[in-house]
Amino acid sequence: MLVRVEHVMGMAVSLDLADPLPVPELERLADEVFAWLRLVDTTFSTYKPDSEISRLGRGELRREDCSPMVGEVLDRCTSLWDETRGYFDIMVGGRLDPSGYVKGWAVQRACDRLQLLGSSHHCLNAGGDVFVRGAAPGRSAWRVGVRHPWEALSLAWVLEVTDMAVATSGTYERGLHVYDPFTGEPAAALRSVTVVGPELGTADAYATAALAMGEAGIDWLAQLPGHECAVVTEDGRAMRSDGLPVVADGVVADS
């Protein structure tokens, strides 16, 4: 078992490798994961003026001159715009910003690469967006906590998942940072949206889109095939889909 935490992409990222491999091999796998995440940050960070995405947004770089992964991300964001009826919009405010997809996509790619390199049991957590494969030591799955949207040291739900993504978008840490692209107003009706699904980039984008929709996002989430969800509204109501893999409820009461 190896656990490593590094600060990358502007957040603490934690990696748990639970494979019965020699420590030097686990260290090598961890090195690969964090090297990849640093490359993603260098390419996509909107806070780095010399990143490809910043230069592309300013018109200093043509899309065809960008790295292939930039085109891949932008194409998927276009598809997500369609899937979310325009609520997942990387041009809200007139500035190119695909970060609502990039973080989850980067974590998913890292975990897919780990599997190819021989890791069948791992958990990668980037600021609360998580992908797990296999199981934690001594268990049949991994347990993932969903943070309480008002109490930072408490959990709303504990999920038990394997080979699955858990993404949460909320207003409790960064304030009203997600906007309704149709009104231009910050989305304030929902406090927290968690989406569980097979792929983290998509789950992350769906959570962001639902947050932008406000209360209409609750019904929209319920219609998503292959995904489960949990939502807490700004006025304190909590609800979750029947198939959410909950093993423990926290101090948020379900309704």
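G145 stands opposite V158 in β6, so to speak a handy landmark for finding your way into this predicted model. The strand pair behind that landmark is β5 and β6, where β6 covers residues 155–161. From there, here's a quick tour of the sheets, the helix packing, the overall dimensions and the confidence scores.

- β5 and β6 run antiparallel and are joined by six bridges.

**The eight-strand sheet**
- There's also an open sheet of eight strands, and its order reads β1-β2-β3-β4-β7-β8-β9-β10. The pairing here is antiparallel.
- At the edges you'll find β1 (2–8) and β10 (238–240); each has a single partner strand, so one side of each has no neighbour in the sheet.
- On average, neighbouring strands in this sheet are turned by 10° against each other, if you ignore direction.
- β1 pairs with β2 (residues 11–17) in the antiparallel sense, over seven bridges.

**Helix α1 and what it touches**
- α1 spans residues 23–44 and lies across β1, β2 and β3 (122–126). Relative to β1, α1 runs at about 20°.
- α1 also packs against α3 (residues 68–83), at an angle of about 75° and with the axes 11 Å apart.
- Angles of 65 to 115 degrees count as roughly perpendicular, and α1 and α3 therefore fall in that class.
- On the α1 side of this contact sit W36, L39, T43 and F44. They meet M69, V70 and V73 in α3.
- Sorted by type, the residues of the α1–α3 contact come out as six nonpolar, one polar and no charged.

**Overall build**
- The whole protein has six helices and eleven strands.
- Its radius of gyration is 18 Å, close to the 18 Å that the globule rule gives for 255 residues, so the protein is as compact as a globular protein of that length.
- Taken along the principal axes, the C-alpha atoms fill a box of roughly 55 × 50 × 30 Å.

- The pLDDT averages 94 over the protein, and 98% of the residues score at least 70.
- Residues 251–255 are where to be careful, with a pLDDT below 50. That stretch still has 18 contacts in the model beyond near neighbours in sequence.

How values were computed. Residues are numbered from 1 along each chain as its sequence is written. This is a predicted model: local features need pLDDT of at least 70, side-chain atom pairs count only at pLDDT 80 or more; totals for chains, interfaces and linings use all residues. Side-chain values use heavy atoms; hydrogens and water are left out. Axes are lines fitted to C-alpha atoms, for helices over the stretch in contact, and angles run from 0 to 180 degrees between N-to-C directions. Helices (H or I, at least four residues) and strands (E, at least two) are DSSP runs, numbered from the N terminus. Angles under 35 degrees count as roughly parallel, over 145 as roughly antiparallel, 65 to 115 as roughly perpendicular and the rest as oblique. Contact means heavy atoms within 4.5 Å. Ala, Val, Leu, Ile, Met, Phe, Trp, Tyr, Cys and Pro count as nonpolar, Asp, Glu, Lys and Arg as charged, and the others, Gly among them, as polar. pLDDT is the predictor's confidence in each residue, from 0 to 100. Two strands pair if DSSP finds at least two bridges between them. The radius of gyration is taken over C-alpha atoms; the globule rule is 2.2 Å times the number of residues to the power 0.38.
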